Amino acid sequence: MSEPIRDPEGREARYLEEVGQLGGKRVLEIGCGDGRMTWLYGYDAEIVAGIDVDHYELRAANYDRPKDLPAPTMFALAEAERMPFSSANFDAVVFAWSY
Amino acid sequence: MHALEESWRVLKPGGSLVDIRPYLGNMRLELLTEGQPSLAGLVDDSGLIPDHEAVEHTLAAGLERGLFEKEDERFFDYEYLWESPEGLKDYVDENWCSRRLQKSLFKRLKKMAGEVEAESRVRIRDERIIARYKKLVE
């Protein structure tokens with residue numbers, strides 16, 4: 001398979017920073033997949049939790065997790081309709097639609 | 001709607017919902033030669049319309065119910081680069097379910113790539129939307 005170079009000018013990271021304003025926050029990412037987007041903002045967040053319904057993708061996320069990521073990061077197999085978190089737990093929720 | 005309600009539940013008061021996704025209808029396939037793009041055509045992403053409409057409907061319902069209010073919304077270009085048309089084709093065959101690289105479009109791209117003497121690359125450029133919503137007290 002031929003993996004492309006994605007977003008060579010880093011626009012996605014820039015807009016996540018400017019619009020998402022995730023720095024210093026407790027972030028939950030819904031549909032985190034293999035963590036590709038998580039690594040874009042994870043360096044600035046306080047903590048990151050990612051959920052997805054594809055455990056192969058989650059395995060890749062755990063495997064690819066950057067060693068120098070300062071924020072505590074966890075991934076869980078869960079559906080967006082029933083999340084295994086207590087109420088009022090996060091400062092931000094990121095919906096990373098992957099359709 | 002349930003996913004939006006669950007997001008509302010796990011968010012602290014005043015917390016943010018960030019929606020980031022592809023925006024449909026403008027997925028351009030280009031040949032880049034010495035940095036200059038030549039348009040081969042538009043990729044057919046109409047198979048994604050049902051998902052796109054479902055998301056739009058869910059967000060609109062969340063606003064209407066007073067769960068969230070929109071604070072910011074912007075659009076930006078997102079690019080994928082391959083070294084060759086064949087690289088693109090391999091990736092598409094492996095990964096795409098709802099998008100479709102039309103045979104005629106791929107044939108045109110191959111023809112364009114065959115006609116240039118300089119080194120070229122293949123680019124797909126689509127549009128992304130990112131929006132931030134603030135949690136409101138119901």
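A salt bridge here is a side-chain nitrogen of Lys or Arg within 4 Å of a carboxyl oxygen of Asp or Glu. Keep that rule handy for the close-ups below.

This is a predicted model, in which local features need pLDDT of at least 70, side-chain atom pairs count only at pLDDT 80 or more, and totals for chains, interfaces and linings use all residues. Residues are numbered from 1 along each chain as its sequence is written, chains are lettered from A and ligands numbered from 1 in the order in which they are written, and side-chain values use heavy atoms, with hydrogens and water left out.

**View 1. E12(A) and R36(A) meet in a salt bridge.**
The N-to-O distance for this side-chain pair is 2.9 Å. E12(A) sits in helix α1 of chain A, while R36(A) is in the loop between β2 and α2 of chain A, 24 residues apart. Helices (H or I, at least four residues) and strands (E, at least two) are DSSP runs, numbered from the N terminus. Are these two residues buried or exposed? Buried means under 20% relative accessible area, exposed over 50%, and partly exposed in between (1.4 Å probe, protein chains only).

**View 2. T38(A) is tucked away in chain A, at 0% relative accessibility.**
You'll find T38(A) in helix α2, residues 38-41 of chain A. Its side chain makes a polar contact with the side chain of E29(A), at 2.8 Å. A polar contact is a pair of N or O atoms within 3.5 Å; within protein, one must be able to donate a hydrogen and the other to accept it, and residues adjacent in sequence count only if both atoms are side-chain atoms. Which residues does T38(A) touch, not counting those up to four places away in sequence? They are E29(A), C32(A), V48(A) and F75(A), where contact means heavy atoms within 4.5 Å.

**View 3. Chain B and chain A share an interface.**
The contact takes 44 residues from chain B and 41 residues from chain A. Together the chains bury about 3,700 Å², with 60% of it on carbon and sulfur atoms. Buried area is the accessible area (1.4 Å probe) that two parts lose on being put together, summed over both. In chain B, V10(B), K12(B) and I20(B) lose the most area to chain A, together 16% of what that side buries. There are also 22 residue pairs in polar contact between the chains, both residues at pLDDT 80 or more. β1(B) gives the largest share of chain B's side, with 12 residues. That side has 21 nonpolar, seven polar and 16 charged residues. For that sorting, Ala, Val, Leu, Ile, Met, Phe, Trp, Tyr, Cys and Pro count as nonpolar, Asp, Glu, Lys and Arg as charged, and the others, Gly among them, as polar.

**View 4. A strand of chain A runs antiparallel to β3(B).**
Two bridges join strand β1 (residues 5-6) of chain A to β3(B). Two strands pair if DSSP finds at least two bridges between them. I5(A) stands opposite L81(B), and R6(A) has Y80(B) as its bridge partner. Within chain B, β3(B) also pairs with β4(B), in the antiparallel sense over 14 bridges. One spot to look for there is D72(B), opposite R132(B).

Over all chains the count comes to 23. R28(B) lies in strand β1 and D77(B) in strand β3 of chain B, so the pair ties together parts that are 49 residues apart in sequence. R28(B) is buried at 17%, whereas D77(B) is partly exposed at 23%.

**View 5. Q21(A) and E34(B) are two non-glycine residues with positive phi.**
Q21(A) has a phi of about 50° and lies in the loop between α1 (11-20) and β2 (26-30) of chain A. At 38% relative accessibility, Q21(A) is partly exposed. E34(B), with phi near 50°, is in the loop between β1 and β2 (36-42) of chain B. E34(B) is exposed, at 67%.
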